[in-house]
Amino acid sequence: MIEKIIVLEDIDPVIFYGVNNANLQLIKALYPKLRIVARGNVIKVLGDEEEMCAFEENILKIEKYCAEYNALKEDVIIDIVRGGSPRTEKAGNAIVYNVTGKPVIPRSENQQKLVEAFRTHDMVFATGPAGSGKTYTAIALAVRALKNKEIKKIILSRPAVEAGEKLGFLPGDMKEKIDPYLQPLYDALQDMIPPAKLQEYMDLNIIQIAPLAFMRGRTLNDAVVILDEAQNTTPAQIKMFLTRMGMNTKMIVTGDMTQIDLPASQKSGLVQSMHILKGVKGIAFITLNQKDIVRHKLVTRIVEAYDKFEKEQKEASAPKDVPTTEHTEP
């Protein structure tokens, strides 16, 4: 008789053990000769060495499946223990699987271009209107890289530009004042990573979410770094951000040129940087549009209506050509 301790590193124990520990009870039933005790992400096993080896091999396969799909059903456990391949509804172009086990896939041609650009380039600029999936797709790519152990951390940042509210008037300390600006990034992460695992990642600084000002002076290695809402950066801020790039790091910069909240006298750093960096090897530029919007169908109509209004405003304010009259001799 030997004792073995197995630590499950990549999963949320709540998903792994199942509702009311149903998955754990099934695993125990499939290995009646072993004494299995589980607490948190640690499994202690006592029993025959040969049986133990088979158990450990299969439990790691189950862990890998659970980590990839964020889901675990009893029929999957049975398939793995019996030496078969678990039945899955795996989508061929899935980036990751969300917390309900559904695939996160590119839902438009330009979103697919963003996925391909991330694969072939170290820096990607993705611009487009609200709801076009640029931020969500970028975070999905970062989560996949972390799960595949291609990187050691994810760093998400946004400029804390005041869109109608002043930070000083918001309640709480600096973190509480800034968190509302970063909430869309939290929302996307919570959709893709189980709560307990996400909290662990954040406690260990494996996933970091911070305002852009906190990036100064850092060198970011072994990471996927995402700058969201980059249209609200100044030229100095975005230059500072882009030059934080270290070894084995990829950067994704997202923004919406129609939602610049900077003062009218201030130039957008995103607009300037895209002009300066155009043609630089290793940088890709992806433009999304109204056809890529994956929110409620009304969002597409709203964006189109505003585009039409702004176009009419520009045409109305454009100087009119004054016709000249020809003078002829009497």
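Biologist: Which strands does helix H3 lie across, and at about what angle does H3 run to E1?

Modeller: An angle between two elements compares their N-to-C directions. In this predicted model, helix H3, residues 49–69, lies across E1, E2 and E3 and runs at about 5° to E1.

Biologist: In what order do the strands of the sheet stand?

Modeller: The order is E1-E3-E2, in an open sheet of 3 strands with antiparallel pairing. Strand E1 (2–7) and strand E2 (35–39) each have a single partner strand and stand at the edges, so one side of each lacks a neighbour in the sheet. From one strand to the next, the twist averages 15°.

Biologist: How many bridges join E1 to strand E3?

Modeller: Two strands count as paired when at least two bridges are found between them. Here, 6 bridges join E1 to strand E3, residues 42–47, and the two run antiparallel. As an example, valine 7 has valine 42 in E3 as its bridge partner.

Biologist: Turning to the nonpolar cores, which residues of the largest one touch the most other members?

Modeller: A nonpolar core joins buried residues through side-chain atoms within 4.5 Å. The largest core here has 37 residues, and Ile139, Leu189 and Ile207 touch the most other members. Helix H6 (residues 134–147) contributes the largest share of this core, 8 residues.

Biologist: With which residues is isoleucine 139 in contact, leaving aside its neighbours within four places in sequence?

Modeller: With those neighbours left aside, isoleucine 139 is in contact with Leu156, Leu185, Ala188, Leu189, Met192 and Ile226. There is also a second, separate core of 28 residues, which includes Ile15, Tyr31, Phe55 and Tyr65.

Notes:
Residues numbered from 1 in each chain as written. Predicted model: local features only at pLDDT ≥ 70, side-chain atom pairs only at ≥ 80, totals over all residues. Heavy atoms only, no water. Buried < 20%, exposed > 50% of the residue type's maximum accessible area, 1.4 Å probe, protein only. Helix = DSSP H or I, 4+ residues; strand = E, 2+ residues; numbered from the N terminus. Contact = heavy atoms within 4.5 Å. Axes fitted to C-alpha atoms, helices over the stretch in contact; angles between N-to-C directions.
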